[in-house]
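Work through the exercises below with the sequence and model open. Each task is followed by a solution in steps.

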Amino acid sequence: MLELLKNLAAWLTSPSQWSGPEGIATRVLEHLEYSLLATLAAAVIALPVGLLIGHTGRGAFLAVNLSSFGRALPTVGLVTLVFLAGGLSVWPVYVSLVALAVPVIITNTYAGMAAVDPEVKDAAKGVGLRGRQLLWQVELPLALPLIMTGVRLATVQVVATATIAAYVSFGGLGRYVFDGLAQRDLVQVLGGAVLVAVLAVVADLALGGLTRLLFRGRPAAAR
């Protein structure tokens with residue numbers, strides 16, 4: 001075990017391992033590209049749906065159960081299915097990652113909207129706010145901390161799952177995992193796993209810090 005850890009440390013710190021088209025720096029950038037684009041696409045799809053459900057109260061059952069659906073989604077199976085239907089391209093990766101992130105964002109957006117105090121909404125209606133005004137000026141600002149939590153959770157899940165790009169012969173940090181398994185190179189497999197874990201933790205900490213910065217002046221109950 002000690003020898004394995006020494007080899008892993010040497011693999012991670014080798015200058016040659018970080019340079020070139022197949023180096024760690026390139027793979028990290030590829031991994032971030034898959035992750036960020038998929039999360040942004042998921043947010044564009046999921047946020048309006050979650051806000052609509054939370055504002056109108058219609059489809060609440062769907063929103064509550066989408067989280068369980070997301071956890072049960074066989075991501076590799078979905079990649080394979082889309083790959084067989086659409087051919088060799090990066091789209092199966094994006095479709096699968098977006099499908100993974102959408103339920104989390106919808107569920108948390110709805111939860112944030114549902115958590116808004118009904119008395120606050122009644123007071124807003126009492127001063128003449130209706131429809132979109134109520135949504136944008138009252139419900140959304142109060143729900144935003146939970147919405148940000150949903151985006152944060154989705155981002156971490158996508159970063160951790162973006163290794164599937166290597167499953168259909170594309171790049172990212174999953175390349176080290178799949179190539180290492182094919183070559184029976186345990187050091188390379190562990191190196192890829194460690195890099196993915198570190199990237200997921202960094203993404204979580206960064207978004208957590210951003211959330212605290214944005215809502216620093218709010219009372220704890222509003223978060």
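**Exercise 1. Packing of α3 and α10**

Determine the handedness of the crossing of α3 and α10, their relative orientation and the residues that meet.

Solution. α3 passes α10 in a right-handed crossing, right-handed being the case where the near helix is turned clockwise from the far one by less than a right angle, and left-handed the anticlockwise case. This is a predicted model, in which local features need pLDDT of at least 70, side-chain atom pairs count only at pLDDT 80 or more, and totals for chains, interfaces and linings use all residues. Residues are numbered from 1 along each chain as its sequence is written, and side-chain values use heavy atoms, with hydrogens and water left out.

Next, take the axes: those of α3 (residues 24-56) and α10 (residues 186-214) come within 12 Å and cross at roughly 50 degrees.

Finally, list the contacts (heavy atoms within 4.5 Å): I24, V28, H31 and L32 of α3 meet L195, V196 and L199 of α10. Six of these residues are nonpolar, one is polar and none is charged.

**Exercise 2. T109 and its helix**

Find the helix that holds T109, and decide whether T109 is buried or exposed.

Solution. T109 lies in helix α6, which covers residues 91-114. Of the 24 residues in α6, 19 are buried (under 20% relative accessible area; exposed is over 50%). T109 has a relative accessible area of 0%, so T109 is buried. Leaving out residues up to four places away in sequence, T109 touches L47, G50, L51 and I147.

Conventions. Axes are lines fitted to C-alpha atoms, for helices over the stretch in contact, and angles run from 0 to 180 degrees between N-to-C directions. Helices (H or I, at least four residues) and strands (E, at least two) are DSSP runs, numbered from the N terminus. Angles under 35 degrees count as roughly parallel, over 145 as roughly antiparallel, 65 to 115 as roughly perpendicular and the rest as oblique. Ala, Val, Leu, Ile, Met, Phe, Trp, Tyr, Cys and Pro count as nonpolar, Asp, Glu, Lys and Arg as charged, and the others, Gly among them, as polar. The expected span of a helix is 1.5 Å times one less than its number of residues. Buried means under 20% relative accessible area, exposed over 50%, partly exposed in between (1.4 Å probe, protein chains only).
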